Amino acid sequence: MSSAISVRHLTKDFRIGIRGLKLRAVDDVSLEIPRGQVFGLLGPNGCGKSTTLKIVLGLVSATAGEISILGEPSATSSARRRTGFLPEAPYFHKFLSGRELVRYCAQLSGVADADVDAAVEDALGLAAMTEAADRTIGTYSKGMLQRIGFAQAVVHDPELVILDEPTAGVDPVGSAAIGRMIHAMREKGKTVVLCSHLLGQVEQVCDRVAIMDRGKLVLEGAVDDVLARRDRHVMTVEAMTPAARAAAEAALAAHGAKVASVTHPRRSLEDLFRELVTGSRDA
Amino acid sequence: MRRFAPWLLVCVLALVAGSLAEASWRRVRPSIPEIGRKDLEPTLGQGVLLGVLGGLRTVVADMAWIRSYVYWERRDRPGCEAFMRTSCALDPRARYFWENAALRVGLDMAHWEIRKRGGYNKVPAETQERLFRQYARKGLDVIEEGLQRAKGRTALLVAGGFLAEGKLKDLPLAANYYRQAADAEDAPWYAARFCADFDWNAGKKDEAYRWYRNYWLTRMRPRMDGSPDDLVRLREMEKELNLGLLERIPRQGWER
Amino acid sequence: MKASLRRMLWISRITFLEAVRQRFFAFLLVLSAAMVLSSVSFRVFDFGHGELKFIADFGFGGMFFFGSVLAVVMTAQLFFSEIDNRTALTLLAKPLSRAEFLLGKFCGAWAVLGVFVVVLAALQGTVLWAREQELLSLADPAAKLAPAFNLEGLLQLVLLQWLRLGVVISIVLAISALARTFLFAVVVGALAVVAGQLQWIAQDAFLRPTDSQLYAAFLWVSTRVIPNLQQFNLADALVLGSTGVDDGAILVVVLSGLAYLLAYLTLGSLIFRRREI
C-alpha cells in the first residue's frame with residue numbers, strides 16, 4: 001500500500017523583487033507519511049513547513065521534486081477529493097451559518113446530493129458544532145471557528161486530513177477538543193498531518209513527527225523513538241546494582257516508599273525542538 | 001505542444017472576437033453619433049472624458065453648454081468657443097448647439113472684438129463692417145458643419161440665411177439658405193417669401209418670381225388658407241415685371 | 001462535467017450572496033436609481049434635445065458609469081477578499097480547479113450586475129414610459145404623435161449592457177489573477193475600461209486605408225486585444241428608436257462580446273493556474 005504522502009527531493013525557490021533573487025524555502029526534503037497515523041510536522045516560523053503543505057495540496061508549485069498523495073500526483077483533483085484541509089487561522093464567509101459553510105464545502109468536495117445532509121450532520125457532530133450550526137460564522141469564537149473549519153475539512157470523509165496550526169489561539173479546552181477530534185480520525189483509520197507549535201499536544205497525539213529548520217528536514221521518526229535517549233540511562237541512584245537496587249528498594253520501603261518502575265530517562269519534545277532549531281533563532 | 005494549446009486558444013478567441021467586433025462596428029457605427037475628437041482637446045479633463053467614454057454624453061454636452069455661458073458673459077471668445085465646440089462634438093446630432101453656436105459666433109463675437117479694440121466710437125465704421133462680415137463667415141462655417149452632422153436641418157438653414165443676409169449682406173447666399181429651408185418638410189411659413197425677396201433684391205427678379213410662383217402653386221395654394229399674403233406679394237412682382245395676363249397666376253376665386 | 005458545473009454554481013452562489021451584501025453595491029444601486037428617478041427633474045438643464053432623449057441619456061449614463069465602477073471595483077474586491085482572507089486556500093485545497101473557481105467568481109459577479117442592470121432598466125423604462133404618456137396627453141391630438149419609447153429595444157439594451165459589463169468583469173478577473181494587490185487590479189481594470197471605451201478610435205483608423213504597414217499592424221493587434229466597449233452603447237438607437245439599428249447587428253455585437261468574454265476568461269484561468277496562493 002502506498003504512503004499517505006510521499007515527498008521526494010522537494011525543493012521550492014521563491015523569486016523576490018524585480019531582479020528575481022532566489023529564496024529557497026524548501027531544500028531537498030524527502031518524507032514518507034504512512035497511512036493511518038497522526039503525523040506532526042514541526043518547525044519554527046519560516047522553516048518551510050507551511051510551504052511544504054501548500055505544495056502537497058497543489059496550492060503552490062514545486063521548483064523540483066515529486067509529491068504524491070495516496071498514490072496519486074498531488075496536483076490532481078482526485079487526490080484532493082480524498083484530502084481534507086484546515087488552513088492556519090481559517091477565515092470563512094461571515095454571513096454563512098456553520099451548517100451552510102459545511103454544506104458548501106461538501107458540495108465543492110464532491111459529496112453526492114443524496115448524501116450531503118447526512119455528511120454535514122456527521123461532520124458537525126464530530127466537531128461538536130451541531131448546536132451552534134445555525135448561527136452565522138461572524139458570531140463564532142476562535143475555538144468554534146477552528147472546529148467548524150475542522151468540520152468543513154472532514155465533511156467528505158477524506159482519507160487524509162491536513163491540519164495547519166489547528167490549535168493556534170485556541171484556549172486549552174478548545175485545544176483538547178481538537179485533540180479529541182484528531183484521535184477520532186485516527187480511530188477511523190484516517191491519516192492526519194498536523195502542523196503545530198503546541199509541542200505538548202503534538203507529543204500527545206502524534207505517532208510520528210518530522211522537524212524542519214531553514215527549509216531542511218532535520219529529523220523524522222516515531223515519537224517514541226525520537227524522544228527516547230537510548231545512549232544513556234538516567235538513574236536516580238548512581239552505580240546501581242541489583243543488590244543495590246534491592247537494598248535501595250528495601251530501604252525506601254522501610255520508609256514507606258515504593259519504587260514503581262525504573263525507566264530510561266526521557267527528555268521532553270520541547271527540549272528536543274529547542275535543541276534542534278534554536279541555535280540560530282535565539283541568538 | 002499541449003502546454004501551449006490553451007494560450008493558442010486565447011489567441012484564436014481574441015482573433016474571432018476582434019473580427020466579429022470589426023464586423024459589428026461597421027453595422028452599429030451609423031447608429032452611434034460620432035464624437036468630434038479634435039474639438040474636445042481644449043476641454044478634455046473637465047469632465048468631458050466622462051462623456052467621451054460612452055454614457056452621459058447628452059448630460060456632459062449640456063453641462064459644457066452651461067459652462068460656455070460663463071465665458072459668454074465674460075466675452076471670452078476662446079473659452080466660449082471651446083465649450084461650444086465641446087457640446088457640438090459630444091452631441092453632434094443636437095441642432096440646438098450648432099444653431100446657437102453659429103449665432104453667438106456670427107452675431108456676438110464681432111461686437112466683443114469691437115469692444116476689445118476700443119468701442120464703436122473708436123473703431124472705424126469700415127473696420128466694424130469687416131469684423132461683422134468676418135465673424136458672420138465663421139458663423140456660417142459652423143452652420144455648414146452642423147448641416148453635415150445635426151438632425152433637424154431646417155432651423156440651421158434659417159439661421160444661415162439670417163446670418164448671410166443680416167451680417168454678411170450676401171443676399172444670393174441668404175436666398176439659397178432660405179430656399180433649402182422652404183423645400184424642407186417642416187419649412188417655416190416665411191422661408192419662401194424671404195428666399196424670393198432676397199433673390200429679387202439681389203437683382204435676380206425673373207428667377208425669384210418663377211421660383212416663388214412655382215412654390216406657391218405647389219406647396220402654398222393647396223393649404224387650407226391658400227397663403228393669401230404670399231399671393232399678394234406675387235401679384236406685386238407680376239406687376240413690377242409687367243407680365244401679361246396669361247403669364248400671371250390665374251385669378252383665385254377667393255382673391256379680392 | 002456535471003460535478004464541475006455544480007462546483008462553479010456553488011462558488012457563484014456564494015460570490016453573489018457576498019456581493020449583494022456589500023454596502024458598496026447597495027450604495028451604487030441606490031445612487032444610480034436616484035439618478036434615474038431624478039432625471040425628470042434635471043431636464044431643466046437640457047438644451048435642444050428631445051426631453052425623452054435627455055431623460056434616457058441621464059439614466060442610462062448612470063447605468064453605464066456606475067455599472068462600470070461596480071464591475072471593476074466589486075470584481076477585484078470579490079477576488080482579492082478570497083485571496084487576502086485566505087478563503088481561497090480552503091476552497092482550492094478541495095477538488096476545485098482554478099478555472100472553476102474563476103468562472104464561479106465570474107458568474108456570481110455577472111449575476112449581481114445583471115440585477116443592477118435589470119433594476120435600473122426597469123426604473124428607467126417606467127420613467128420614460130410615464131413621461132412619454134404625459135407628453136402625448138399634452139400634445140395636440142391632431143398631430144397624431146407616435147410613441148418613441150420602445151420596450152423591445154429596452155430589453156435588447158439590457159442584454160447589451162449586461163454583456164458589456166460581463167466583458168469588463170472578465171478583463172478585471174484576468175488582471176486580478178495577475179495582480180498582487182487590489183489597488184493595482186482596480187487601477188489597471190479602470191484603465192482597461194477607458195481603453196475599451198476609446199477602442200473605436202483605433203477601430204475607425206483601422207477601417208481607413210493607410211500606407212504604413214507598421215501602423216496597420218499596430219491597429220490590427222490593438223483592435224484584437226482591446227474589446228470595443230462603445231459598440232454596446234446603443235441606448236439612443238434602441239430605446240427611443242431615434243436612428244434604429246441594422247438588422248442582425250445586435251446578434252453580431254452579442255457574438256463579439258461573448259468571444260471577448262471567453263477569451264479573457266480563458267486568459268484569466270491560465271494566469272490564475274500559475275498563481276501561488
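**Figure 1. Contacts by sequence separation in chain A.** Of the contacts in chain A with a separation of 6 or more, 69% join residues 24 or more positions apart; two residues are in contact if their C-beta atoms, placed from the backbone, lie within 7 Å. The model is predicted: local features need pLDDT of at least 70 and side-chain atom pairs pLDDT 80 or more, whereas totals for chains, interfaces and linings use all residues. Residues are numbered from 1 along each chain as its sequence is written, and chains are lettered from A and ligands numbered from 1 in the order in which they are written. Chain A holds 10 helices and 10 strands, taken as DSSP runs numbered from the N terminus (helices: H or I, at least four residues; strands: E, at least two). Of its 283 residues, 41% are buried, that is, 20 or more other C-beta atoms lie within 10 Å of the residue's own, with C-beta atoms placed from the backbone.

**Figure 2. The contact between chains B and C.** Among the two pairs of chains that touch, chains B and C have the most contacts. Chain C contributes 45 residues and chain B contributes 36 residues. On the side of chain C that touches chain B, the elements giving two or more residues are α3 (51–84), α7 (182–207), α8 (213–225) and α10 (249–273) of chain C. The most come from α10(C), with 12 residues. This side of chain C comprises 26 nonpolar, 14 polar and five charged residues (nonpolar: Ala, Val, Leu, Ile, Met, Phe, Trp, Tyr, Cys and Pro; charged: Asp, Glu, Lys and Arg; polar: the others, Gly among them). Chains A and B, by contrast, do not touch, and their nearest C-alpha atoms are 16 Å apart.

**Figure 3. Helix α3 (residues 98–108) of chain A against helix α1 (residues 2–20) of chain C.** The two axes come within 9 Å and cross at roughly 150°; axes are lines fitted to C-alpha atoms over the stretch in contact, and angles run from 0 to 180 degrees between N-to-C directions. α3(A) is therefore roughly antiparallel to α1(C), a term for angles over 145 degrees. Tyr104(A), Gln107(A) and Leu108(A) of α3(A) meet Arg6(C), Arg7(C), Trp10(C) and Ile14(C) of α1(C). The residues of this contact divide into four nonpolar, one polar and two charged.

**Figure 4. Helix α7 (residues 125–149) of chain B.** The end C-alpha atoms of this helix are 36 Å apart, which agrees with the 36 Å that its 25 residues should span at 1.5 Å a residue; the expected span is 1.5 Å times one less than the number of residues. The buried residues of α7(B) are Phe132(B), Tyr135(B), Ala136(B), Gly139(B), Leu140(B), Val142(B), Ile143(B) and Gly146(B). These buried residues pack against α6 (95–116) and α8 (153–166) of chain B.

How values were computed. Angles under 35 degrees count as roughly parallel, over 145 as roughly antiparallel, 65 to 115 as roughly perpendicular and the rest as oblique. A residue is buried if 20 or more other C-beta atoms lie within 10 Å of its own, exposed if 12 or fewer, and partly exposed in between; C-beta atoms are placed from the backbone.
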